[in-house]
Amino acid sequence: MTQKVAVLGTGKIGEALLSGMIRAGWAPTDLLVTARRQERADELRTRYGVTPVSNQEAAKTADTLILTVKPQDMGALLDELAPHVPADRLVISGAAGIPTAFFEERLATGTPVVRVMTNTPALVDEAMSVISAGSHATADHLAHAEEIFGAVGKTLRVPESQQDACTALSGSGPAYFFYLVEAMTDAGILLGLPRDKAHDLIVQSAIGAATMLRDSGEHPVKLRENVTSPAGTTINAIRELENHGVRAALIAALEAARDRSRELASGTKD
């Protein structure tokens with residue numbers, strides 16, 4: 001934790017990462033941040049005691065650079081950084097769909113790059129961060145990335161070829177659950193419940209179900225069967241879900257998300 005780490009483009013996820021690292025033991029004096037607006041930089045300095053710097057200064061002085069800008073802004077950021085990043089810097093990308101080769105082609109030969117796909121539960125220290133090594137990243141580089149992102153949740157190493165699938169499942173995954181809760185809340189209102197009560201019922205059920213999935217070791221089919229009595233309410237609901245093709249729609253949705261991740265990697269914007 002004596003190395004300097006810079007978070008470039010410190011938005012919500014970048015800030016969540018900063019706060020998690022500080023809680024995990026990083027000294028604020030070892031953390032650098034960059035932000036597009038001076039007001040944002042001053043806010044981060046006041047809130048966390050970190051040091052705002054320019055992108056060029058971060059590239060020159062930090063041992064690890066974490067790039068958290070949007071995918072469409074990554075090329076311009078690398079053009080700015082490339083003349084200032086020595087080949088011994090570890091570069092961690094948090095941009096969806098952009099392969100490590102994109103960075104390696106624009107940075108000094110031999111620069112280690114690690115690709116990470118995290119998600120918004122980083123804001124509550126429950127992120128799922130998927131980590132892949134570039135051509136020059138070593139086991140030590142991966143371990144360092146795990147140490148950083150482990151401060152805001154769980155980490156998992158995968159081959160980079162699986163990153164687009166992971167983006168579809170966990171990167172975008174929270175949105176699917178929010179969408180489901182939204183739909184179930186509307187159903188609760190239709191059934192006669194006030195919105196706040198429907199919301200509380202569904203959210204707590206979701207938390208309980210997720211905890212059981214994580215802690216019980218049981219297959220989800222087994223857990224579902226435990227709730228599904230013969231000729232009962234649950235099986236009637238599941239029959240309607242199957243009749244309306246919900247399972248097939250979910251599969252198609254995740255395939256669409258994976259395909260969009262691939263398009264981002266190829267430079268397709270529309």
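Mentor: Let's start with a term. A pocket is an open set of grid points with protein on both sides within 12 Å along at least five of seven lines. Keep in mind that this is a predicted model.

Trainee: How much space lies in the second largest pocket?

Mentor: The general idea first: rolling a probe the size of a water molecule over the atoms shows where empty space is left. In this model, the second largest pocket holds about 970 Å³.

Trainee: Which residues of the lining lie nearest its centre?

Mentor: The lining of the second largest pocket counts 36 residues, and Gly-9, Gly-11, Thr-68, Val-69 and Lys-70 lie nearest the centre. By class, 15 are nonpolar, 14 polar and 7 charged.

Trainee: Which helices each supply at least two residues of that lining?

Mentor: They are α1 (12-24), α4 (74-81), α7 and α8 (173-190). The largest share, 4 residues, comes from α1.

Trainee: Let me pick Thr-68. Where is Thr-68 found, and what does Thr-68 touch?

Mentor: Look in the loop between β4 (64-67) and α4. Leaving aside residues up to four places away in sequence, Thr-68 is in contact with Val-7, Leu-8, Gly-9, Thr-10 and Gly-14. Thr-68 counts as partly exposed because its relative accessibility is 23%. From its C-alpha atom to that of Val-91, 23 residues apart along the chain, the separation is 11 Å.

Trainee: And what stands opposite Val-91?

Mentor: Val-113 in β6 does. Strands β5 (residues 90-93) and β6 (residues 113-117) pair in the parallel sense over 3 bridges.

Trainee: In what order do the strands of the open sheet run?

Mentor: Its 8 strands follow the order β3-β2-β1-β4-β5-β6-β7-β8, with mixed pairing. At the edges are β3 (51-52) and β8 (153-157), each pairing on one side only.

Trainee: What span should helix α9 have?

Mentor: As a general idea, an α-helix has 3.6 residues a turn, so residues three or four places apart point the same way. For length, take 1.5 Å a residue: the 22 residues of α9 (residues 195-216) should span 32 Å, and the end C-alpha atoms are 31 Å apart, which agrees. After α9 comes Gly-217, with a positive phi near 75 degrees.

Key: Residues numbered from 1 in each chain as written. Predicted model: local features only at pLDDT ≥ 70, side-chain atom pairs only at ≥ 80, totals over all residues. Heavy atoms only, no water. Pairing = 2+ DSSP bridges. Expected span 1.5 Å × (residues − 1). 1 Å grid on protein atoms, 1.4 Å probe; cavity = no way out; pocket = protein on both sides within 12 Å on 5 of 7 lines; lining within 4 Å. Points joined across faces, edges and corners; volume = space filled by probe spheres on them. Nonpolar A, V, L, I, M, F, W, Y, C, P; charged D, E, K, R; others polar. Buried < 20%, exposed > 50% of the residue type's maximum accessible area, 1.4 Å probe, protein only. Contact = heavy atoms within 4.5 Å.
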